[in-house]
Amino acid sequence: MSATLDPVAGAGSGAPAPTIASTGLTCPVPVATHAHVVLGHGSGGKLSARLFAERFWPRFGNPILGQQADAALLEVAAGTLAMSTDTFVVRPLEFPGGNIGDLAVNGTVNDLAMMGAEPRWLTCGFVLEEGLPLEVLDRVLEAMAAAARATGVTIVAGDTKVVERGKGDGIFINTTGIGMRRAGWAPAPDRIRPGDVVIASGPIGRHGTAILAARDDLGLVTTVTSDTAALWPLVDALHGACGDAVRALRDPTRGGVASTTNELAKSSGVGFRLDEASVPVPPDVTAACEMLGLDPMYVANEGVLVAVVAPEAAAAALAALRSHPLGAQAARIGAAIADHPGMVTMRTHVGGTRVVDMLPGDQLPRIC
Amino acid sequence: MKFLSEYRDPALAQALARRIRETATRQWTLMEVCGGQTHTIVRQGLDELLAGAVEMIHGPGCPVCVTPLEQIDRAVALATRDDVIFTSFGDMLRVPGSDCDLQQVRARGGQVRIVYSPLDALTIAERHPDKQVVFFAVGFETTAPANAMAVWQARMRGIRNFSVLVSHVTVPPAMEAILSAPDNRVQGFLAAGHVCAVMGWTEYEPIAARYRVPIVVTGFEPLDLLEGMLLCVEQLERGTHEVVNQYARAVTREGNAPAMRLIREVFELKDRQWRGIGTIPMSGLGLRPAYAEFDAERRFALEDIVASEPVECRAGAVLTGQLKPHQCPMFGTACTPERPMGAPMVSSEGACAAYYNYGRFRTARAAATAGAGT
C-alpha cells in the first residue's frame, strides 16, 4: 500500500501509519501575505488587526475612529438627531458606475438627507466571505471612503466578520448613519397639500438597469451606469432656495419612482397625477428596459430624489437643483391633487390615463 | 429612441383617435389577440381615447395566461427534483400551480433559472452534464421557432441531458373557437403582429371569409394599435371582411419561411388544453416522434400529474371576451397580483393584471359614480 495523506486509510489495515517525513511534506510556515480573505481575518487576532491597520484605517482614519474603544463617543449640540440603518447585498459587487462600497455609504446617508438631516456619522459592519480577493475589498473600501468624503460623513465605528466560503456572497455591508436635522425644517409626507408640485432631481432608472446589465447571465451590453451618489448637496441647495416650502423628500430606490410616489400618496392622503412625457428617462435606459420588458418607473435609483414642493416655490426649487451637476436634468413630473387620495395616476405619452400602482413583487421579464 | 418614439407620437395618436371616432357611426367591438397589445392599450389608456367608438375585448393571446394548471404542476414537480435545473422565461415563475409556484420551489432549494432564450438553457445543459436541464417551452407561434431551434440543436449536438416541457398553442384555432361560440360579441380582430411575422397571414384568410370578420395584422406600439383599429373600423363601416396588414414593417403575407420550416421539422399539431378555456382540437404544438427523446413529459413520466382549475376563477370568460376583468366577482378582492387565482392576474400581459395595475382608478371611479346614482 502506498503512502497516503488520508490519516484514516492506513489505520486498522496493519500498514504503518504515514509520517510527515514519508509524505515528503515540510512543516507549514504561516503565510505572511494573503491575496484573499481567510477565516483568520475575522478571528479578532493578529490577522484581524492587520486587516484593519492596512486596509481600513488608511482610508477611514479619523480621530473618533482612532479612539479604538468599544464604542465611539460623539459630541452633539442641541437639536434633533436622525438615525437610519440599511444593509447592502448586491450582485455583482462591482458594476458600471460604482460598487457595493459607495452604494452602502450613499444609501444610508441619503435616507438621512430625505429627513432634512445633514449626515454626520456612519458605522459600517462587514460580512466578508472566505476567498474574497483582497483587491476587490480594497476597491470597495476606496469607494466607501470617497463617498464618505464627498458627503462629509465621518466613519466612527465598524466591525468585520468572515464567513466560510459559500456562506456569503462576497461582501455584505451594513451601515448605520446619524445626522443632524436642520432646525425649523421637518419635511414629511403629511405636509403635502393638493396643488403641490412633484419634482424628480434627475434621470431615472439607471441603477437598476446597470445592475441587471452587469449580470452576465443576461448577455446584455449597454452604456447605462449606476447613478449612485450622495443627495445631501441637492437637499442642502433645495432647503437654501425654498426653506420650509420643500414639503417632503424621498429617494426612489427599490421599486423606483412609481413605488415612491405611491408611498407618498398613501401616507399623505392626497392623490398624485404624473405626466409620462416629462419624466426624465435616459435613452439607453429606455432601450434596455424595452428589451427586458421592464418599466423604468419601477427600476431602482441610487442618486435621484423626488421632492414635493409648494407650487409658489417650484421654480426656485428647479433652479436650485439644476445649479448642481447631480440635478442638471431636474424636472417637474407631476402634481399633488385632491382627486383619488392615496393613488397615483399618470397622463400617458399618447394622452390617455393610467394608474401607477405598487408592484406585488419584483418585476419579472416578459416572455415576448 | 429611434424606431420607438416615432410610434408613440402624441399628436399623431390624437389625430388617429379622432379619425376613428369620426369614422365610427356606432360602437364596434374589437378584440386584440395578443397580450402584448393588451398591455399597450391599457398602459397607454388607448381605450379611454376611443370611448363610444370602439370597445376593446382582450383576447387569449397571453402565453402565460393560457398555460394549463396541469403543466404548471408538472413544471413544479420537475423543478423540485434534485437532478433537474429547470429553466423558464421570467413571468412563468409566479403563475400559481395547484400547491405552489416556481418561485416558491426556488425558495425551497429547487434549481429554477430565468433565461431570455431557450438557447441559453441549452448552454446551461452543456455546462452541467451531471444535471438534467429542462426548458419550459411555452408560447404562441412567436416563441416556437426559437424553442424548436433549441431542440433541433440539442439533437444535432448530442446534448442528451436537455429536454423541453412543451405547452405551445397557436392562434387561429383560438380565434375560431371564439367566433363560433353562440354568445360571441367580437366583430373584428387585431391579429398579433409578432405571430404573423413568423406565420404570415394566409391562415387568417379563410377565417375572415367564413365568419365575415375583418382581421387587421397589427403591431404593438400605440400608433400601430390605433391604426389597426382604424383599418378595422373602416372595414366594418364599409361592410368588408378582409385580412389587411398594418404591421408592414415586420410582416409579409407568406411569413418567415425558414422559421416555419423549423417549427414543422420539430413540432406537429395536436390537441391542447387552454387554461380557463378547455381543450381546443389541434390548437397546439407537440414534439414530433423523431424528437420524442427530448420530451420532458416522457423522460420524467409526468403524464400522471393532472389538475383541474378552481371553479371560482372566471379566466375562461375573460380570455374569450365574455367578461371584462373587473366584472369578475373575484377581481381585486380574492384575486390580486399579490395572490393571483388565475394566470391572467399574473403576467404583465394578462388582461386582469393589466386592468388591476393600470386601470383600477377608472373602474373605482366608475363604481363610485354608479353607487352615487342609486
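Guide: This model is predicted. In chain A, strand β4 (residues 117–129) and β5(A) pair in the parallel sense over 9 bridges.

Visitor: What makes β4 and β5(A) count as a pair?

Guide: Two strands pair if at least two bridges are found between them. For β4 of chain A and β5(A) there are 9 bridges, so they count as a pair.

Visitor: Which residue in β5(A) is the bridge partner of F126(A)?

Guide: The partner is T160(A).

Visitor: What is the order of the strands in the open sheet of chain A?

Guide: The 4 strands run in the order β1-β6-β4-β5, and the pairing is mixed.

Visitor: Why are β1 (81–88) and β5 (154–163) of chain A said to stand at the edges?

Guide: Each has a single partner strand, so one side of β1 and one side of β5 in chain A have no neighbour in the sheet. From one strand to the next, the twist averages 15°.

Visitor: How is chain B divided?

Guide: Chain B has domain 1 (20–310) and domain 2 (315–373). Taken over C-alpha atoms, the centres of these two domains of chain B are 21 Å apart.

Visitor: How many residues of domain 1 of chain B are in contact with domain 2 of chain B?

Guide: Contact means C-beta atoms within 7 Å. On that basis, 29 residues of domain 1 of chain B are in contact with 21 residues of domain 2 of chain B.

Visitor: Which element supplies the largest share of the side of domain 1 of chain B that touches domain 2 of chain B?

Guide: That is α2(B), with 6 residues. By class, this side of domain 1 of chain B has 15 nonpolar, 8 polar and 6 charged residues.

Note on methods
Residues numbered from 1 in each chain as written. Chains lettered and ligands numbered in written order. Predicted model: local features only at pLDDT ≥ 70, side-chain atom pairs only at ≥ 80, totals over all residues. Domains from an automatic or database assignment. Contact = placed C-beta atoms within 7 Å. Helix = DSSP H or I, 4+ residues; strand = E, 2+ residues; numbered from the N terminus. Nonpolar A, V, L, I, M, F, W, Y, C, P; charged D, E, K, R; others polar. Axes fitted to C-alpha atoms, helices over the stretch in contact; angles between N-to-C directions.
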